[in-house]
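Subject: Structure handover

Hello,

My notes on it follow below.

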Amino acid sequence: MTTQPRVTITLHTYFRSSCSARLRIALALKSLPYTSIPVNLLKNEQADPKNTFVNPSATVPTLIINYPETSEEKTVTITQSLAALEYLEEAFPDTPRLLPPLSNPESRALVRTLVDIVSCDIQPVTNLRILKRVAPFGVDRSAWSKELIEDGLRAYESIVRQFAGKFSVGDEITMADVCLIPAVWGAERVGIDFGNFPTVKRIAEGLEVVEAVREGHWTTQGDTPEEFRK
């Protein structure tokens, strides 16, 4: 067994950001404590120089990991959620794993396929930046989001109905679940009928009772407005 490195972790996050939620949940699952720095997207704080200095994409999340015991006090900054999830897998091998073992490349590819459905087909086209861009064309933002989310969930459902156990791929939480559950929260906000996605619904209900998922929920964050808190 390798020795777990001593680190300090900072997460630039927004309470309703699904990409931020992925990392909040993953860090909780791996029992890696972190400090949150809220970035309010509705106030355009993502474009503030304080944020763009660490994240040139002017987005959230940004994961910053400092290794104080290295000779040069190494700091790693990652500005994309999937790259951050992969890094956590590789840098902290003694924490609960979110990918199947290397000896099972088929399952690893399946997890990554499901991750990509969420991260490529659902999230980018329904995030706040895109919704602002399509609004001047008279697009109904809710209808736009609902249709695109349903398309993605339909693809996700068709795959997991074949391979799901308790969770998306077997009985252990994987990176696919970490990405799925924030997408489900977003889908609930636009009125998606999960009766059309029974396997996704069952997986999500199982995830909702996991403590790490509860910790990552958008209603429980330090920057969650009081009216949205559970």
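Tyr 14, Phe 15, Trp 218 and Phe 228 are linked into a cluster by ring pairs. This is a predicted model: local features need pLDDT of at least 70, side-chain atom pairs count only at pLDDT 80 or more, and totals for chains, interfaces and linings use all residues. Residues are numbered from 1 along each chain as its sequence is written, and side-chain values use heavy atoms, with hydrogens and water left out.

Aromatic pairs

Rings of Phe, Tyr and Trp (its six-membered ring) pair if their centres lie within 6.5 Å; planes under 30 degrees apart count as stacked, over 60 as edge-to-face and the rest as tilted. The count by this rule is five aromatic pairs. Tyr 14 and Phe 15 form an edge-to-face pair, because their ring centres are 4.8 Å apart and their planes stand at 65°. Both residues are buried: Tyr 14 has 7% relative accessibility, and Phe 15 has 5%. Here buried means under 20% relative accessible area, exposed over 50%, and partly exposed in between (1.4 Å probe, protein chains only).

Trp 218 and Phe 228 are also edge-to-face, because their ring centres lie 5.9 Å apart with the planes at 65°. Both residues sit in the segment after helix H9 (211-216), 10 residues apart. Helices (H or I, at least four residues) and strands (E, at least two) are DSSP runs, numbered from the N terminus. Trp 218 is buried at 15%, whereas Phe 228 is partly exposed at 30%.

Charges over rings

A charge sits over a ring if NZ of Lys or CZ of Arg is within 6 Å of the ring centre and within 35 degrees of the ring normal. Arg 16 places its charged end over the ring of Trp 218, 4.5 Å from the centre. Lys 74 lies over the face of Tyr 67, and its distance from the ring centre is 4.6 Å.

The largest pocket

A pocket is an open set of points on a 1 Å grid over the protein atoms alone, where a 1.4 Å probe fits, with protein on both sides within 12 Å along at least five of seven lines; lining residues have an atom within 4 Å of a point. The largest pocket holds about 1200 Å³ of space. Volume is the space filled by probe spheres set on the points, with grid points joined across faces, edges and corners.

Which residues lie nearest its centre? They are Leu 41, Gln 123, Thr 126, Asn 127 and Leu 128, out of 48 lining residues. Helices supplying at least two lining residues each include H1 (18-29), H4 (105-126) and H6 (141-163). H7 gives the largest share, seven residues. By class, the lining has 24 nonpolar, 16 polar and eight charged residues. Ala, Val, Leu, Ile, Met, Phe, Trp, Tyr, Cys and Pro count as nonpolar, Asp, Glu, Lys and Arg as charged, and the others, Gly among them, as polar.

Backbone points to check

Val 60 and Pro 61 are joined by a cis peptide bond, with omega about 5°. Pro 61 is in the loop between helix H2 (49-52) and S3. Ala 58 is found in the loop between H2 and S3. Its phi is positive, about 55°, although Ala 58 is not a glycine. Ala 58 is partly exposed at 22% relative accessibility. Asn 44, another non-glycine, has a positive phi of about 65°. Asn 44 lies in the loop between strand S2 (35-38) and H2, and is partly exposed at 43%.

Best wishes
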